[in-house]
Amino acid sequence: TLKSMGMSSYQSITDKAHHLKEAHYGRLVFLDSKLREMPEGSEEQQAFAAKVCNAHGWLAGSVTDVNDRGETPFLQATMGDDTSFDQLNFLKMAGSDINFLSTDKETALSRAVSRQDVGRIKML
């Protein structure tokens with residue numbers, strides 16, 4: 001039987017992981033909606049946006065942290081093909097300098113232009 005082969009415990013673990021993932025996603029959606037209700041540009045919104053970015057895994061420390069290539073989290077995010085506009089907006093709300101110049105003399109806008117990413121060019 002499946003139970004004798006250990007499959008029932010595997011299914012239980014899979015079900016629990018699925019429920020945890022759904023709960024985490026639900027919490028992130030709730031946090032995102034609360035963030036959008038806050039006064040635009042307020043310190044409260046900035047601090048909360050940083051927490052949302054941390055919860056999503058988009059931010060490990062501060063928006064001003066610079067990696068060994070001289071890039072902030074916002075600038076790093078502009079390179080990802082899977083980076084959503086929400087991610088960029090939340091990093092921006094958290095206080096990211098969208099005009100930050102990397103050690104390679106690149107900005108988020110110059111990267112968007114070089115990639116011919118019209119959506120990001122308009123956003124920036």
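This is a predicted model: local features need pLDDT of at least 70, side-chain atom pairs count only at pLDDT 80 or more; totals for chains, interfaces and linings use all residues.
**Ground rules.** I number residues from 1 along each chain as its sequence is written, and for side-chain values I use heavy atoms, with hydrogens and water left out.

**Entry on salt bridges.** I looked up the salt bridges (a side-chain nitrogen of Lys or Arg within 4 Å of a carboxyl oxygen of Asp or Glu), and the structure holds five of them. Side chains of opposite charge can pair when their charged atoms come close.

I began with Lys34 and Glu37, whose side chains meet at 3.6 Å, N to O. Both residues lie in helix H1 (residues 7-37), three residues apart, which is about one turn of the helix; helices here are DSSP runs of H or I, at least four residues long, numbered from the N terminus. I then checked how far this pair is covered, taking buried as under 20% relative accessible area, exposed as over 50%, and partly exposed as in between (1.4 Å probe, protein chains only). Lys34 is partly exposed at 34%, and Glu37 is exposed at 57%.

Next I turned to Arg111 and Glu71, whose side chains form a salt bridge at 2.3 Å, N to O. Arg111 belongs to helix H5 and Glu71 to the loop between helix H2 (43-56) and H3, so the pair ties together parts that are 40 residues apart in sequence. Both partners came out as buried, Arg111 with a relative accessible area of 4% and Glu71 with 5%.

I also noted the salt bridge between the side chains of Asp117 and Arg120 at 3.4 Å, N to O. Here Asp117 is partly exposed at 22%, whereas Arg120 is buried at 6%. Elsewhere, I found that salt bridges with shared partners join Arg69, Glu71, Glu106 and Arg111 into one network.

**Entry on Ala77.** I placed Ala77 in helix H3 (residues 73-77), where its relative accessibility of 6% makes it buried. For contacts I required heavy atoms within 4.5 Å, and, not counting residues up to four places away in sequence, Ala77 touches Thr83, Gln87, Leu88, Leu91 and Arg120. I also looked up Trp58, which is 19 residues from Ala77 in sequence and 8.2 Å from it in space, C-alpha to C-alpha.

**Entry on helix H4.** I listed the buried residues of helix H4 (residues 85-93), and they are Gln87, Leu88, Phe90, Leu91 and Met93. I followed up Gln87, which counts as buried at 12% relative accessibility and, leaving aside its neighbours within four places in sequence, is in contact with Trp58 and Ala77. Just after H4, I noted that Gly95 takes a positive phi of about 105°.

Note on methods: Helices (H or I, at least four residues) and strands (E, at least two) are DSSP runs, numbered from the N terminus.
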